[in-house]
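Please work through each task before reading its solution.

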Amino acid sequence: MIELMVVIVILGILVTLVAATYGGVQAKNRNGQREVAIDTLKGDLESYYAQSNMYPTVTELNDSSWVSKNIPDLTVSTLQDPSWSDKVTACTVDHHSVVIDTAAVDCYTYQPVTTDGSACDNIQKICAHYTLTASLEGGLQYVKSSLN
């Protein structure tokens, strides 16, 4: 009976270790996906800047018809955090993921600004710089900025 109890305790410890390791691997995988998405988005934004000499506004980047016309390589999945669901109200519009201009968990942040750091609209004030941010699991942030 004691031997059986020892075996059950050992199995319980092993199951706990496997579950903890699996969760960590999954979080690391999602963080890797976030980094790849931010890097891809940065590349798309830099290509757009090379053609138009300005970066898109948040509104433009969230407009699917504008994106398909101006940044055709950008996919909806690139703008969607791996942990996003339509219950994440901070970055959900009509059950679709969007980028936002203030940091939120499970959302990507895009903050375009003018050369002096003020808000831009690409009509009166050109978007000349940006910052992209993804909140990583574990409390860190992955941040990329415009090249110029």
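**Exercise 1.** Determine whether T78 is buried or exposed, and which residues surround it.

*Solution.* T78 has a relative accessibility of 11% and therefore counts as buried (buried is under 20% relative accessible area, exposed over 50%, partly exposed in between, with a 1.4 Å probe and protein chains only). Its position is the loop between α3 (64–70) and β1 (92–93); helices (H or I, at least four residues) and strands (E, at least two) are DSSP runs numbered from the N terminus. Leaving aside residues up to four places away in sequence, T78 touches A37, T40, L41 and Y108, a contact being heavy atoms within 4.5 Å.

The model is predicted, so local features need pLDDT of at least 70 and side-chain atom pairs pLDDT 80 or more, whereas totals for chains, interfaces and linings use all residues. Residues are numbered from 1 along each chain as its sequence is written, and side-chain values use heavy atoms, without hydrogens and water.

**Exercise 2.** Identify the residues of the largest nonpolar core that touch the most other members, and the elements that contribute to this core.

*Solution.* A nonpolar core is a set of buried Ala, Val, Leu, Ile, Met, Phe, Trp, Tyr and Cys residues joined through side-chain atoms within 4.5 Å. The largest one has 24 residues, of which L45, L61, I71 and Y110 touch the most other members. Two or more residues each come from α1 (2–52), α2 (58–61), α3, β3 (108–113) and β4 (129–135). The largest share, six residues, is given by α1. Apart from this core lies another, of seven residues, including W84 and C107.

**Exercise 3.** Trace the salt bridges that involve R30, R34, D81 and E137.

*Solution.* A salt bridge is a side-chain nitrogen of Lys or Arg within 4 Å of a carboxyl oxygen of Asp or Glu; the structure holds three.

1. E137 and R30 meet at 2.5 Å, N to O. E137 lies in the loop between β4 and β5 (141–145) and R30 in helix α1, so the pair ties together parts 107 residues apart in sequence.
2. D81 and R34 meet at 2.7 Å, N to O. D81 is in the loop between α3 and β1, and R34 is in helix α1, 47 residues apart. D81 counts as buried at 2% relative accessibility, and R34 counts as buried at 1%.
3. R34 also pairs with E137, the closest N and O atoms being 3.2 Å apart.

Through shared partners, these salt bridges join R30, R34, D81 and E137 into one network.
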